[in-house]
There are 4 protein chains.
Amino acid sequence: MTDFKSILEDINQQISNTEDKGNVADYIPELRNVNKNAFGIYLNVLNNKNFGIGDYQTKFSAQSITKALTLALAISKNPEDVWKRVDVEPSGNPFNFLSLLEVENGIPRNPFINSGAIVIADILVSELEHPKEDFLAFVRQLSNDNSIDYDIKVANSEKETGFKNYAIANLLKSFGNLKNDVDTVLDFYFMQCSLAMTCEQLTNAFYLFANHGKCLQNKLHITPSQTKRINAIMLTCGFYDEAGEFAFEVGLPGKSGVGGGIVAVLPNQFVISVWSPGLNKKGNSKLGMEALEIFTSKTELSIF
Amino acid sequence: MTDFKSILEDINQQISNTEDKGNVADYIPELRNVNKNAFGIYLNVLNNKNFGIGDYQTKFSAQSITKALTLALAISKNPEDVWKRVDVEPSGNPFNFLSLLEVENGIPRNPFINSGAIVIADILVSELEHPKEDFLAFVRQLSNDNSIDYDIKVANSEKETGFKNYAIANLLKSFGNLKNDVDTVLDFYFMQCSLAMTCEQLTNAFYLFANHGKCLQNKLHITPSQTKRINAIMLTCGFYDEAGEFAFEVGLPGKSGVGGGIVAVLPNQFVISVWSPGLNKKGNSKLGMEALEIFTSKTELSIF
Amino acid sequence: MTDFKSILEDINQQISNTEDKGNVADYIPELRNVNKNAFGIYLNVLNNKNFGIGDYQTKFSAQSITKALTLALAISKNPEDVWKRVDVEPSGNPFNFLSLLEVENGIPRNPFINSGAIVIADILVSELEHPKEDFLAFVRQLSNDNSIDYDIKVANSEKETGFKNYAIANLLKSFGNLKNDVDTVLDFYFMQCSLAMTCEQLTNAFYLFANHGKCLQNKLHITPSQTKRINAIMLTCGFYDEAGEFAFEVGLPGKSGVGGGIVAVLPNQFVISVWSPGLNKKGNSKLGMEALEIFTSKTELSIF
Amino acid sequence: MTDFKSILEDINQQISNTEDKGNVADYIPELRNVNKNAFGIYLNVLNNKNFGIGDYQTKFSAQSITKALTLALAISKNPEDVWKRVDVEPSGNPFNFLSLLEVENGIPRNPFINSGAIVIADILVSELEHPKEDFLAFVRQLSNDNSIDYDIKVANSEKETGFKNYAIANLLKSFGNLKNDVDTVLDFYFMQCSLAMTCEQLTNAFYLFANHGKCLQNKLHITPSQTKRINAIMLTCGFYDEAGEFAFEVGLPGKSGVGGGIVAVLPNQFVISVWSPGLNKKGNSKLGMEALEIFTSKTELSIF
């Protein structure tokens, strides 16, 4: 049987010896103050047990990782709207993401690029009575942890500097693919991204993606078929324009965030979260990617 | 000697017989209510006299035509800033105008595409004490006509629906090429575009471009060299992605607006304004283009 | 236990009742003459048995399906060169595939778009003593079937009309990413695409991708890690700009061709080939896609 | 009266003192061997006289300058075909010239980018009995100089390395916008570009553009209206993606080539050719641009 504990310890050892830890995101002022040497992993092996290493109980900014969670919630509320207003193809082109929106008439390539996530936010603003409170309650329920909360400072920091997201939301609006006010939608969107969570909490929150749509407490939130599809999108689109590389090197559906977190899933088998704040050039956690690569190599566990 | 009067009458005759008058702009709600059959021309031959035909004293929305006037004012205030923050190349690519901004790091291709004009508006907001009042005073002085005014309804109409311009301004801001607030700059920009003017007033306002920078009242606003350069930009960029076509068919520097107006200039010789509200597919006045084509063919007057 | 036989029969039934069978590819003259009603499936369940339905023993043009086989052979010969000269990211953008090559300095996005496959062909021309003969021998060995052969008529047909591929090869050459002559490489490339194979032969040829790199005769051609990576690329890039859709709807690594064939793989479990010549708008077999969707729904077997 | 002679001498003086002479084109091997310090000007003032300075009688490779001459010849033979198969808009986008062709279905933006010039070459191959001989005869007649000839070495050098042009021609062919064989058209195209001419010969050859379509020997080759239109295209598209800059700084219709030559025209007034082999980053003669800028500043002669 795979000795997960010693594999995680090996990874921790190897990572702590790596000098190049990437660069901490600085485009959101509040994110700059994080400790670059922080590193944590939390693994949940289904029907088995959990393993934590390093700073797995330190909170960090979940950022884009939350896009998988808003997608799940939006699909549980209004799947037709989701698939009518957002496509499921990899975006391919980082260098002109706005132009894609233009060329493709305001239909974002997928729900994990910013434009797609903003449309998903718009759907939640329409579907939920109290969007911010309801989404927070959803995440707390998934993780079975009421200590999870937004980080208002981070949200405000992004609100004051997130001009590109305002550009995107206005462009969506010009194409009729944003139903609510730009400001209302972005208020929710920046709040969602600001969620502060630990590796442990993230692993628990993503448990439903490895478990056919049922969360830790065995409640069904999305159908098995919907779960399968979100996993497919995480694999093809979860890592910005490095999705192919991640599939190639790691071979797991997953979602990364500029806070340095990555959550990855092997359906029926495990959920794993890694956190290291330094990013590579494509905006994914540098050591997080490397840790997962070692993990799937050593365990020989991947979807391929 | 050229008989301008009878040439204009011929044009009027020919145009009134044309059935396909194009389509009135409908993206700004307030613009929809214009009379599609309106048609006017006003010609000022330097050192000679003026000729008006048809509805040359009816006011219409000047819209993008004002971009030549804000450019002139910005150059008179701060030419270094203008050329550092805006390029002078034709945009070429209508289909992905936002992506060009992305690829070229927030430097608009030229001052006559919306992104460029918004940067110019930003410069004026920085340079003028009372931007709206001061720009209006400038245009009134150029035209020697204090009855010229903004059309607040049109400005508000565009403010409520101009999401693409909000997208552009936010994108510029994200690249650091907008110094003032997005809302402040667009307030001024929408106001500027709303200027209601007649063919006669527009011809008078553009007199300086044919007269080495000196307006009707012989006051020097921009240097001869600056005038020459604005004329060059009007020729290469004055007609959206139909600039080449206009140079090819008409052969004059000029500027069009979606209100259906076109002003064109032959340096040292004349200024001419045409107005017909129906647009062709590229957004320029359909009959206005045709009228100017006939005019330069019959008079054999063009820069080429 | 899953009753594969009756599932395949159900699919056959359902498909034969579908009226809209898509459109047969007509850009290669020789491909037009195929029978649009042809339909076949061949399934190999590892360590179990094989199932054939319909026209699974009729030969058709494998076309782009062969790109997975040339990739495997190139990787077995010179993996460093492969990953240095071709990327592994989805292309995303069908509308300007050549421009991507330009923007990205002649490095194709992945080995399954034409530019990438032409670079792979170039590598094989360099690595193999007798490229055409040696590649054919490789496929025959994988399938354990010496009756497999090129279809010279199809190859010649494409050679005379494949101007876009000549454009691509010359563009690659201009960037220094084609080592051999354009004509030599395209001769091989068109030949490779012309391979005529049955569903049964294709399933057998792809057996190694489900079996850690070992072919039907238990010979190791590529390492388990290389196999995993090719599967990852098949998932993210195997279906032109419909890769995301296929991952989303079907959830298997696979490769399609304009001849109407699709081969898909579930590592450790099965290989399946489908053939129906009518294509959907994105160039993939319309009924083939539908058949595989039904298959993974009914069997609940997918990587997600 | 303007003292052209002393103005040219001033320019020569100023230019010879400039240290940064740009970089000689090296993408065509044969062009590398030119003397970087060469500099010549030849001016023809209509109805007045000619002025030569420096190396105005040294032959150099005319390259893209010939595109204005093939365009004139094609228009004189088959104007309908020219304007149906090539547009007249500035290309704007240097970074993805091939993608524009794709997006715009094989219709080149204008006759002066390579794709447009290759379509013009295709038209001449169709219209002329002996394309190479007939075009040479045309240029010799325009210049009244039978010593003008192709430089076979340069043509062959480009043929062996001009993969991008092969890519373009094949792409045009794939869109049906090339009627003759790729090789036949490019043979002619490379030959045309290889024309070796002096400043004096080029000025004489372009005389018709300043003279309503009549050449030095008073023969009418193109109509006044066609001449006007070619001048318009030279202004908006004659300098690659620096056309706006040239219009802005110099203000004359003109055409440049990577051999370091530039010819510019002021209708009814003069034709001027400049040669300095070092290029700026956009591929136009660095000192040639500067010389013309000084010329139009000092003479105050421009179209604006």
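My entries below go from the chain pairs to the strands.

**Entry 1: what am I looking at?**
I noted before anything else that this is a predicted model. I'm keeping that in mind for every entry.

**Entry 2: chains B and D**
I started with a reminder to myself: two copies of a chain are related by a rotation about an axis and a shift along it. For this pair I looked up both parts. The same surface serves both of them, since 100% of the contact residues of chain B recur in chain D.

Next I checked how many residues take part. On chain B there are 30 residues in contact with 30 residues of chain D. Which helices of chain B each give at least two residues to the side that touches chain D? I found α12 (224–237) and α13 (243–249). The largest share comes from α12(B), with 8 residues. Sorted by class, that side of chain B has 15 nonpolar, 9 polar and 6 charged residues.

**Entry 3: chains C and A**
A rotation of 180° with 0.0 Å of shift along its axis puts chain C on chain A, at an RMSD of 0.0 Å. Of the interface residues of chain C, 100% are also interface residues in chain A, so the copies meet through the same surface.

Chain B and chain C don't touch, and their nearest C-alpha atoms are 11 Å apart. Chain A and chain D have no contact either, with their closest C-alpha atoms 11 Å apart.

**Entry 4: strand β8 of chain A**
Is β8(A) mostly covered or mostly open? Mostly covered: 6 of the 6 residues in this strand (270–275) are buried. I remembered that in a regular strand the side chains alternate between the two faces of the sheet. Then I looked at where the residues point. A:Phe270, A:Ile272 and A:Val274 point one way, while A:Val271, A:Ser273 and A:Trp275 point the other way, and all are buried.

What does β8(A) pair with? Strand β2 (residues 40–45) of chain A runs antiparallel to β8(A), joined by 6 bridges. Strand β7 (residues 261–266) of chain A also pairs with β8(A) in the antiparallel sense, over 6 bridges. I picked A:Ser273 to follow: it is the bridge partner of A:Tyr42, and also of A:Val263.

In what order do the strands of the open sheet in chain C come? I read off β3-β2-β8-β7-β6, which makes 5 strands with antiparallel pairing. At the edges stand β3 (50–54) and β6 (254–256) of chain C, each with a single partner strand, so one side of each has no neighbour in the sheet. From one strand to the next the twist averages 5°.

Strands β7 (residues 261–266) and β8 (residues 270–275) of chain C run antiparallel and are joined by 6 bridges. C:Val265 has C:Val271 as its bridge partner in β8(C). Helix α1 (residues 4–16) of chain C packs on the sheet and touches β2 (40–45) and β3 of chain C. The direction of α1(C) makes about 20° with that of β3(C).

Methods
Residues numbered from 1 in each chain as written. Chains lettered and ligands numbered in written order. Predicted model: local features only at pLDDT ≥ 70, side-chain atom pairs only at ≥ 80, totals over all residues. Contact = placed C-beta atoms within 7 Å. Helix = DSSP H or I, 4+ residues; strand = E, 2+ residues; numbered from the N terminus. Nonpolar A, V, L, I, M, F, W, Y, C, P; charged D, E, K, R; others polar. Least-squares fit on C-alpha atoms with pLDDT ≥ 70 in both. Buried ≥ 20, exposed ≤ 12 C-beta atoms within 10 Å, placed from the backbone. Pairing = 2+ DSSP bridges. Axes fitted to C-alpha atoms, helices over the stretch in contact; angles between N-to-C directions.
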